[in-house]
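Here is a short briefing on one protein model. Look through the structure first, then read the notes by topic.

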Amino acid sequence: MQRVEITRFGGPEVLQARQAPVPAPSPDELLIRVQAAGVNRPDVMQRTGTYPMPPGVTPIPGLEVAGRVVAVGERVTGFQVGDLVCGLTEGGGYAEYCVVPATQALPVPSNVDVLHAAAIPETFFTVWANVFQRGHIAPGSTLLVHGGTSGIGSTTLMLAKEFGIRTLATDSGADKLAAALRFGAQEAIDYAECDFVEVAREWTGGRGVDAILDIVGGAYFERNVAALAKDGRLLLIGFLGGEVAPSVNLLTLAVKRLTVTGSTLRARSVDEKAEIARDLQAKVWPLLEAGRCLPTVHAQFPLERAADAHRLMESGSHIGKIILRVAG
């Protein structure tokens, strides 16, 4: 089979298509003939050497795929050869074939094509785990989403709208602000022109927002704390602005009774990811089947042009998801 390898840490040019043996599924895995694979920020970080794979896990990038099941592990139930599925991988998605733990695979929702199905797993697993499971966001709550037009941001805005959560989004440029509103944000803030802390306070009548989903990290930490209401939750899932907060007033955290939490999918066990998958199938899959909350695919590239997909990701100009076409 053909797969894309990280030949060394560096820029997009280090991604090279190579021939390799087709992997064999373990007793608890599915072997999928990949038709499309999602491109995500952790792939870029892995390529640059800042987000290494755990020991024993394939070094091939790619966290989500969609395609046909071509082999089923001997302990797997509920799937058979020929099923069209999408799944959260343990890596290896940039390839013509990929193994996926069966508990992290879900049937492609009806009326969803395979390109859009490949855009679902990584973002939906991430958003559900952080916003709904760890964030305990209830209907009527207010949520500030940084990067509202990213894959994570757009998914959060759509799901929040479905579950009765009021959202405020940050981004830059008229096109992205308009897109954030289409995804479901009640208000969109241009972070280059406005102070999101002031807007968040004004938008909530001076109270502050109940929760913030943050992909920026250190550079926004102090301002995020200022934008939160009492008993608010800061949900950290990315560190584009650094991993260290330059200043933290711990007294403010105590006085406002704030919760600061963060997580990554990569560090979660197979059992934990299986729980997220079950929740998604029960609570979110019906929405997708009804044609709601569908991901936006900004661009698609053939597998051998993975480097171009990474260049687009790093440019920050995309709205929604970037996908690799692998097979017909």
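**A buried lysine, a helix face and aromatic pairs**

Lys273 sits in helix 9 (residues 270–283). Helices (H or I, at least four residues) and strands (E, at least two) are DSSP runs, numbered from the N terminus. The model is predicted: local features need pLDDT of at least 70, side-chain atom pairs count only at pLDDT 80 or more, and totals for chains, interfaces and linings use all residues. Residues are numbered from 1 along each chain as its sequence is written, and side-chain values use heavy atoms, with hydrogens and water left out.

**Lys273**

- Lys273 is buried, with a relative accessible area of 3%. Buried means under 20% relative accessible area, exposed over 50%, and partly exposed in between (1.4 Å probe, protein chains only).
- Lys273 touches Leu88, Glu90, Gln104, Phe125, Leu265, Arg266 and Arg268, not counting residues up to four places away in sequence. Contact means heavy atoms within 4.5 Å.

**Helix 6**

- In helix 6 (residues 196–203), the buried residues are Phe196, Val197, Val199, Ala200 and Trp203.
- Seen down the axis of helix 6, these residues fall within an arc of 165°, so they line one face of the helix. The arc is that of the directions from the helix axis to the C-beta atoms.
- Glu198 and Glu202 are exposed, on the face of helix 6 turned away from its buried side.
- The buried residues of helix 6 pack against strand 8 (142–146), strand 9 (166–171), strand 10 (187–190), strand 11 (209–214) and helix 7 (221–227).
- Asp195 caps the N-terminal end of helix 6, with a side-chain oxygen 2.9 Å from the backbone nitrogen of Val197.

**Aromatic rings**

- Rings of Phe, Tyr and Trp (its six-membered ring) pair if their centres lie within 6.5 Å; planes under 30 degrees apart count as stacked, over 60 as edge-to-face and the rest as tilted.
- By this rule there are four aromatic pairs.
- The ring centres of Trp128 and Phe132 are 4.4 Å apart and their planes are at 20°, so this pair is stacked.
- Trp128 and Phe132 both lie in helix 3 (residues 121–134), four residues apart, about one turn of the helix. Both Trp128 and Phe132 are buried.
- One aromatic cluster is formed by Trp128, Phe132 and Phe163.

**Charges over rings**

- A charge sits over a ring if NZ of Lys or CZ of Arg is within 6 Å of the ring centre and within 35 degrees of the ring normal.
- Arg166 lies over the face of Trp203, at 4.5 Å from the ring centre.
- Arg223 lies over the face of Tyr220, at 5.3 Å from the ring centre.

Conventions
A polar contact is a pair of N or O atoms within 3.5 Å; within protein, one must be able to donate a hydrogen and the other to accept it, and residues adjacent in sequence count only if both atoms are side-chain atoms.
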